[in-house]
Amino acid sequence: MTVAPERDEQELLAQFESTIGHHDRIEPRDWMPDGYRRTVVRQVAQHAHSEIIGMQPEGNWITRAPSLRRKATLLAKVQDEAGHGLYLYSACETLGVSRNELTEMLINGKQKYSSIFNYPTLSYADVGVIGWLVDGAAICNQVPLCRTSYGPYGRAMIRVCKEESFHQRQGYELLATMMRGTDEQRAMVQESVDRFWWPALMMFGPPDDDSPNTAQSMAWGIKRNTNDDLRQRMVDMTVPQANALGVTLPDPDLRWNEEREAHDFGQPDWDEFKDVISGNGPCNAQRIEHRRRAWEDGAWVREAATAFAARSAGVADQ
Amino acid sequence: MTVAPERDEQELLAQFESTIGHHDRIEPRDWMPDGYRRTVVRQVAQHAHSEIIGMQPEGNWITRAPSLRRKATLLAKVQDEAGHGLYLYSACETLGVSRNELTEMLINGKQKYSSIFNYPTLSYADVGVIGWLVDGAAICNQVPLCRTSYGPYGRAMIRVCKEESFHQRQGYELLATMMRGTDEQRAMVQESVDRFWWPALMMFGPPDDDSPNTAQSMAWGIKRNTNDDLRQRMVDMTVPQANALGVTLPDPDLRWNEEREAHDFGQPDWDEFKDVISGNGPCNAQRIEHRRRAWEDGAWVREAATAFAARSAGVADQ
Amino acid sequence: GHDLATYCLMLADDALVMSHRLSQWCSKAPDLEEDIALANVALDLLGQTRLLLARAAAADPSVVPALPEGSPVPPEDALAFFRGDREFLNVRLVEAENGDFGRTMARLLVFATWRLALFERLASSRDRVLSAVAVKGVKEMTYHRDYAARWFLTLAQGTDESRRRVVDGLTAIWSLHHELFVTTDVEQSVADAGVGVAPHQVADEVDVLLEQVFSLSGVERPTVSPLAGVRGRTGRHGLHTEALSKLLAEMQVVARAHPTGTW
Amino acid sequence: GHDLATYCLMLADDALVMSHRLSQWCSKAPDLEEDIALANVALDLLGQTRLLLARAAAADPSVVPALPEGSPVPPEDALAFFRGDREFLNVRLVEAENGDFGRTMARLLVFATWRLALFERLASSRDRVLSAVAVKGVKEMTYHRDYAARWFLTLAQGTDESRRRVVDGLTAIWSLHHELFVTTDVEQSVADAGVGVAPHQVADEVDVLLEQVFSLSGVERPTVSPLAGVRGRTGRHGLHTEALSKLLAEMQVVARAHPTGTW
């Protein structure tokens, strides 16, 4: 980074803030404050990692999917997650951090991913519930991010959101089908909802009064809504869907509030959230060990590709 | 080996031949001709390897055994095979070849093992059929070997035979139980017999007129019966058992011969036998790859044990 | 009907089992691009499987396993999840464990080159369904073959380690290569009827194509004997390696736990 | 009846799943002696399983899964092969993959030390069957513990590689160690009745015994947080890791394919 004289920096900052103020996009070659850059990298990387780690809980059921149609749907979905990871890593690379560096930071625990993927998938209903609730929550989170201030991130999100909402409908449809099936299948769906409801609500992050970075992120236009605001949207969106499915959301405090024209609902167990975020969820170690092994086992292939490309380039040069 | 003067060697040879002639045992410290030593090593090693490789086809079903009782029986049986391998390797070691050397020779294809273990196990009935037919054939082969001229081998065989005949009864009993079960189970047993009958008869080796080593081995008292003789015993022993079970042995030429007071029977496919022996059976590569991987994966443990023993000895010396 | 159905099962089972093996790479590939590419190939093969199983069931409904009365399981799933390993008619090449990425690519190269050659001929099948499946499949498998060939070359010409691994991988699967070109009675019969393809007819072509990849890569064709069958029976006769029943135990477990389930 | 049956299932499932994992070493151990020893441990645990499952079925026949009418499957097998993973009550420690020999020995050390301590107390159970099972088990598990401790020491003091591996193995399983000493309501209830043992009561003793092995081996106790459950539920509540349902898919496949079979 070149060191600009003080005056210039002031001017650049003014221009940056004007762009933000007009809800225009910041592009990779634009000047941006270091804090902004760091925040975008952190958020986009975390998002990318979530896509990649998120392949595991659902991928766990690909080889056991109970119908060929569902197997194809699931495999395609997990593949889409790899794709999302790919363009989010690319968005991150526009800020000068390579995919390899990001992967190393994931594996070494220096960067995080969504807490939800640290819960195990224990039945095929979990595939549906992840589609319905987890992708549902992701959409609530991400739709506003299509208007995020950093250009490459926003454009990646537009593509991601389109696919996520497809996945969300697929998940819901699987559950609706299972609910028309046997008693065992219905019980399986309910049991899965019982396990995933609270972790899905945790996906929006801690309550606003406990979320130190939200204000700055919103000021920079990186985030567009507060955690609690998004959580409320999620609940309001999900309740009628749960009724249509015929499942019970495991929250005794959940009820419509006429006055607010929104649902009142209970609070997730924020101690559990902190545990999971700090590495002590039911699957954190397993997810990272899996990722690390894939990465290490694949090293020789990546090296071979690099060596081959170098050799080919050498031949082409002659 | 010390080089003895010609005269002494003559004397030693006479003594050796007298021991053989009296059906007494040759013991490790006795003088023996090089050819005898080599033949015993080859035969005992091959026998030991067969026990060890033989753990795989049955071991394939331990994790899937359909009842806890059968699982225990099978696990104990495969464990016994490891035990047999152990004392047979020890018998071999009395002739100055270490277990490590023998294992290397197995893995590198320099020593053989019984052709039967190069066939796949494809159903749980195979566990029973291997007990009944393969252990049955092994017993026919091995009972006479309890009187083999090399002492440590003969004594190992006494112990082995006792356990093999236990295994053979267990195998028969599994099949008898399955034959009292469902139609599917009965079909499974018959299908398994169809696959294993001919390979079991091949276990006795090629026909006598095509078995170049038999004469010398018998003269030395290492072998006690010819291949065809043993094969005949096996058939005569098995036919009434097959009738009792209610299975058909897949040989249209099989019938009682009043005159010979023995069964006439067809010839196995000796081309197939040669293929399997020369490494081209359905599972040769798989069996050796499995063994090699176990051996290589365990190298660090064996090294640790050696290092630890050396260190402990060092401490003890102080 | 029965021969056609059996033939469709052969082609379907090849695709289904190969798809299963490739799907096991999911979230474990050396890089995201490969994760996506392997899933693509697995998905294409799964698509072929479904069309072929449906065709098998239509050609001869008696091949579909019986399920409890009122079971809503469609024929394609009854065939995929309720047949035992001895009823699967895939070649044994596809059922072997994946091994490392080198072995996986070596197998995919051989498999895709072979299946593409079959499907190019199958495109002119007198059976309109098979013909349509083949026309679609040709496009897909051209990509599969090129993908595998590109990686085969890359690994063979990459580092010492990658060369060793891909050559070991090729050697390990080569004993299962011969079986691809053995024509069974059923295949001959559907070939005679202008409906199917006798695999021995593509042997030379596949040989030439593989030789091109090998020679470009500087890899010698392995000298490994064909893997023996049992009593002359191999994958096409439902006689498999020990790997298949384990694969199916996993693949079929949920479907079988819910024989009257709706998915 | 029901609490006793549930308690017996807990102890049985620990043994059954651990036995399964150990039996996966069969024909793959570093040396023949270890192959035999691991099979011995697996067999002992299988024997305990059978007695405990039979006791569970006798204490409360309603815990035995229903099978088709006329099925000859005995209660011990109905319990072992026809329950789903959510009905298994084993601690999660036993279901994790084996990993290498170092990890296997680290787990066996922890498992055997813990179970031995439980069984020493269980020997004075007012339930005569449980008491007899425990008396027999104490002899067996004394051997298991000593065997694992000897290998733990050997690996820790062997080579650099073996030390690294056994320490890594211990660290990897350590998050599952805490769960062993959490007493569930059922366990408290059978303990109160003088029939069972509340596992928190053996925590200190196990701790001391493990510490002896660690300090003799020069290995530090790992600092790893306990593996979280899901909504407060862990193995004893039928809430397992993703590994268990895969293990059971394999273990149960033949039995379930033949629900009216006789073995």
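Which residue does A:Arg99 form a salt bridge with?

## Starting point

That partner is C:Asp31, and the closest N and O atoms of the pair are 2.7 Å apart. A salt bridge here is a side-chain nitrogen of Lys or Arg within 4 Å of a carboxyl oxygen of Asp or Glu.

This is a predicted model, where local features need pLDDT of at least 70, side-chain atom pairs count only at pLDDT 80 or more, and totals for chains, interfaces and linings use all residues. Residues are numbered from 1 along each chain as its sequence is written, chains are lettered from A and ligands numbered from 1 in the order in which they are written, and side-chain values use heavy atoms, leaving out hydrogens and water.

## Where chain C meets chain A

Here 50 residues of chain C are in contact (heavy atoms within 4.5 Å) with 48 residues of chain A. About 4,100 Å² is buried between the two chains, 70% of it from carbon and sulfur atoms. Buried area is the accessible area (1.4 Å probe) that two parts lose on being put together, summed over both. Three residues, C:Ser27, C:Leu32 and C:Trp263, supply 19% of what chain C buries against chain A, more than any other three.

There are two salt bridges between chain C and chain A, plus twelve residue pairs in polar contact, both residues at pLDDT 80 or more. A polar contact is a pair of N or O atoms within 3.5 Å; within protein, one must be able to donate a hydrogen and the other to accept it, and residues adjacent in sequence count only if both atoms are side-chain atoms. Among the helices that each supply at least two residues to chain C's side are H1 (2–23) and H2 (32–59). Helices are DSSP runs (H or I, at least four residues), numbered from the N terminus. The largest share of this side, twelve residues, comes from H2(C).

## Where chain A meets chain D

In this interface, 17 residues of chain A are in contact with 15 residues of chain D. The two chains bury about 1,400 Å² between them, with 47% of it on carbon and sulfur atoms.

The rule finds three salt bridges across this interface. D:Glu242 forms a salt bridge with A:Arg287, and their closest N and O atoms are 2.8 Å apart. On chain A's side, the elements giving two or more residues are helix H8 (183–202) and helix H12 (284–297).
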